[in-house]
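Please read each point alongside the coordinates.

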Amino acid sequence: MSGRDRDEVNQDSWSTIAHEFLDRGVKNMVITLAALGTFCANADGSAHCPAYDVVVKDTTGAGDAFTGACSSDYLRQKAKGTWDIRSAVVRANKAAAMTIMNVGAQDGIPWSDEIDRFDAPHSEASI
């Protein structure tokens, strides 16, 4: 969506790309980076949230799990009158990590309480 080739999207360009979208009126920007985690930004700041170090069995449904977890956390936070994009993205990274540890989308997508209990080290994938 940024109009860049995949090889142009790297640690040096994440912030620039995010701010180009924010400057166009986007309120919250998330760039998913597979094994590198996620970069997020909004008017309050930006952050790189590393991925979790898990055994990958199947990536089917990882994006759906990420989007669902991030969206539901957004709604949960807004209902409380708060919004912390980084914490929502960390939660979404957990959901995606849990999903790829299983074969198939339906069996892999975790329930909210399973995300709460998830604990794994962060990936050491180089950025």
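Which residues point one way from S2, and which the other way? Thr-38, Cys-40 and Asn-42 lie on one side, while Phe-39 and Ala-41 lie on the other, and all are buried. Here buried means under 20% relative accessible area, exposed over 50%, and partly exposed in between, with a 1.4 Å probe and protein chains only.

1. Basis of the note. The model is predicted: local features need pLDDT of at least 70, side-chain atom pairs count only at pLDDT 80 or more, and totals for chains, interfaces and linings use all residues. Residues are numbered from 1 along each chain as its sequence is written, and side-chain values use heavy atoms, with hydrogens and water left out.

2. Annotated region. An unreviewed UniProt entry places the feature "domain: Carbohydrate kinase PfkB" at residues 15-110. UniProt positions follow the numbering used here, feature names are shortened, and annotations may be inferred rather than shown by experiment. Over residues 15-110 the chain is 49% helix and 16% strand, and the end C-alpha atoms are 30 Å apart. Helices (H or I, at least four residues) and strands (E, at least two) are DSSP runs, numbered from the N terminus.

3. Sheet order. Three strands form an open sheet in the order S1-S2-S3, with antiparallel pairing. S1 and S3 are the edge strands, each pairing on one side only. From one strand to the next, the twist averages 10 degrees. Two strands are said to pair if DSSP finds at least two bridges between them. In general, strands of a sheet pair through backbone hydrogen bonds, either parallel or antiparallel.

4. The strand S2. Because five of the five residues of S2 (residues 38-42) are buried, this strand is largely enclosed by the rest of the structure. Strand S1 (residues 28-32) pairs with S2 in the antiparallel sense over five bridges. Within this pairing, Val-30 has Cys-40 as its bridge partner, and Thr-32 stands opposite Thr-38. Five bridges also join S2 to strand S3 (residues 45-49), again running antiparallel. In S3, Ala-47 is the bridge partner of Cys-40, and Cys-49 is that of Thr-38.

5. Two residues make up the link in the hairpin that joins S2 to S3. The hairpin of S1 and S2 has five residues between the strands. Ala-34 lies in the loop between S1 and S2, and its phi is near 55 degrees, a positive value in a residue other than glycine. At 69% relative accessibility, Ala-34 counts as exposed.

6. Helix pair. Helix H2 (residues 62-79) packs with helix H3 (residues 85-100) at an angle of about 150 degrees, and their axes are 8 Å apart. Axes are lines fitted to C-alpha atoms, for helices over the stretch in contact, and angles run from 0 to 180 degrees between N-to-C directions. The two helices H2 and H3 are therefore roughly antiparallel to each other; angles over 145 degrees count as roughly antiparallel, under 35 as roughly parallel, 65 to 115 as roughly perpendicular, and the rest as oblique. Residues making the contact include Ala-62, Ala-65, Phe-66, Ala-69 and Asp-73 of H2, and Ala-88, Arg-91, Ala-92, Ala-95 and Ile-100 of H3. Contact means heavy atoms within 4.5 Å.

7. Arg-91. This residue is found in helix H3. Is Arg-91 buried or exposed? Arg-91 is buried, with a relative accessible area of 13%. Not counting residues up to four places away in sequence, Arg-91 touches Ala-69, Asp-73, Arg-76, Ser-112, Ile-115 and Asp-116.

8. Asp-53. The loop between S3 and H2 holds Asp-53, which counts as partly exposed at 47% relative accessibility. Leaving aside neighbours within four places in sequence, Asp-53 is in contact with Ala-120, Pro-121, His-122 and Ser-123. Asp-53 and Ala-35 are 18 residues apart in sequence, and their C-alpha atoms are 8.5 Å apart in space.
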